[in-house]
Amino acid sequence: MSEKRMLFTKDHEWVLVEGTIARIGITEYAQNELGDVVFVDLPTVGDTVEEGEGFAVVESVKAVSDVYAPVGGTVVKVNEELESSPELINESPFDQGWIAEIEIAEGTQLDDLMNAEEYKAFIKEA
Amino acid sequence: MKQTPLTKVHRALGAKMVDFHGFEMPVQYTSVIEEHLTVRRAVGLFDLCHMGEFELEGPGALGALSRLTTNDPALLGEGDIQYTILTKEDGGIIDDILVYRTATGFFLVVNAANAEKDFAWISKHLPSDAVLTNRTDDLALIAVQGPKSLPVVEQVLNLSLGDMGSYTFLDTTYKGNWLRVSRTGYTGEDGFELYLPNAGAEELWQSLMAAGEPYGIAPIGLGARDTLRLEMRMPLYGNDIDGTTTPLEAGLGRFVKFDKGDFIGRSALLAQKQVGVSRRLIGFVLLDRGIPRQGYPILNEAGEEVGHVTSGTLSPSLNKPIGTGYVPVDLAAPGTTVYVGIRGKRLKAEIIKGRFLK
């Protein structure tokens, strides 16, 4: 698990940065709030996304939830497993339930994101 | 937010609680899909204490009820229950309700969200020899639904209920207090709805949970209540029917008895019947990947918006995206292809006949 190296948003996305690539998913807290995930609307490889833009959609039986891009850039990979097994987001949100990878746009700052400890404190308040 | 006599029980069970029309209600305990399948395969318990209950009594009760509703309450013998609809003069739906014929008059069960509105509407249209009493705040309602409901309810109430017909009820006592057993529900499965004074609700809930344990009973939240009713095409007020839709458009014509005499909305509905409805509530299965949701546009082959989705979900029993919505009559035939607009995409759907779950 690389949760310790992950960065987090207030909208409950996680980001794992390796070089210029950011892998993105939703957190344990988010999947639990959402309930059974039954559909994931993935972005298309090659899409350009702005930081804060809704770039994927995760749906439970009851709710539709946007996934906001924690960083801007170009989508270079999506987790196609989620098309047939959306429940991976519930079962393994930080690992097998990853959603997409973005090639981070040049000059992107990651300063606004929380580290694991800060995020833990943040969801405690929520 | 209002609480029910069972709110504490739900919290102790770890339910996710939501504000449902002013009531703090459980939307799910573990998982909507698991709870849904529990009701289809075994038995589930629902807190429905938020529902509205009225008593209508007096010499003028029958006549008044017949004028207020589309179905015919004169068809009811004591112990019978009828699904019926309150309509406005223009035929628009005020609420869909259940009417119980009691020894002394009628017992009405109305949607929680409409209880105040219904009470005011009915009161306004009563003659001086009919009395309406609001029992909503005194009465609890627990539903037991699923193929294993019968042995659970029989054991707890110490009654033999196998011969009880669908849409009938009887009054009994439980722990010394009045309890009404009704063979009704909103899931399409066999089941019972139990009315009793608030004070006994928690004890009854716990007894049902204990008696149901060998059958795999589980508490069921509002999330699964919605998917269960939708698979059976039971309409939901506020989604599939409301003041802008008529019973004829919603496919509820069999509950409209034109021959019983005059009722509020009769002339408008009769005119609509003679001309023919211009749109109809249909059920569809989405063939492309996605989930239809209330408010999404329904499009024709040319891409023009012709209606909208009124209910939609992923069917837990079928594992398919299903929905309902209003479309023009020329697109309403089973087998017709329509499209649902989801986030700018046009997804293919096929209109189906009847229930999603056969």
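Modeller: Before we start, buried area is the accessible area (1.4 Å probe) that two parts lose on being put together, summed over both. This is a predicted model, where local features need pLDDT of at least 70, side-chain atom pairs count only at pLDDT 80 or more, and totals for chains, interfaces and linings use all residues. Residues are numbered from 1 along each chain as its sequence is written, chains are lettered from A and ligands numbered from 1 in the order in which they are written, and side-chain values use heavy atoms, without hydrogens and water.

Colleague: Thanks! What area do chain A and chain B bury between them?

Modeller: About 1,400 Å², with 47% of it on carbon and sulfur atoms. A:F39, A:V61 and A:K62 provide 39% of what chain A buries against chain B, more than any other three residues.

Colleague: And how many residues does the contact take from each chain?

Modeller: Chain A gives 16 residues and chain B gives 18, where contact means heavy atoms within 4.5 Å.

Colleague: How many salt bridges are there across the interface?

Modeller: The rule finds four between chain A and chain B; a salt bridge is a side-chain nitrogen of Lys or Arg within 4 Å of a carboxyl oxygen of Asp or Glu. One of them joins the side chains of B:K345 and A:D41, at 2.9 Å from N to O.

Colleague: Which element of chain A supplies the largest share of the side that touches chain B?

Modeller: That is β4(A), with four residues. Strands here are DSSP runs (E, at least two residues) and helices are DSSP runs (H or I, at least four), numbered from the N terminus.

Colleague: Where does β4 sit in its sheet?

Modeller: β4 (37–41) of chain A is an edge strand, as is β7 (64–68), so each pairs on one side only; pairing needs at least two DSSP bridges between two strands. The open sheet runs β4-β6-β7 in chain A, with antiparallel pairing. β4(A) and β6(A) (residues 54–60) share four bridges, and A:D41 stands opposite A:V57 in β6(A).

Colleague: Switching to chain B, is strand β12 mostly covered or open?

Modeller: Mostly covered: six of the seven residues of β12(B) (191–197) are buried, meaning under 20% relative accessible area (1.4 Å probe, protein chains only).

Colleague: Which strands pair with β12(B)?

Modeller: β9(B) (residues 139–145) pairs with β12(B) in the antiparallel sense over seven bridges, with B:L139 partnered by B:P197. β11(B) (residues 177–182) is also antiparallel to β12(B), over three bridges, and B:S182 stands opposite B:E193.

Conventions
Buried < 20%, exposed > 50% of the residue type's maximum accessible area, 1.4 Å probe, protein only.
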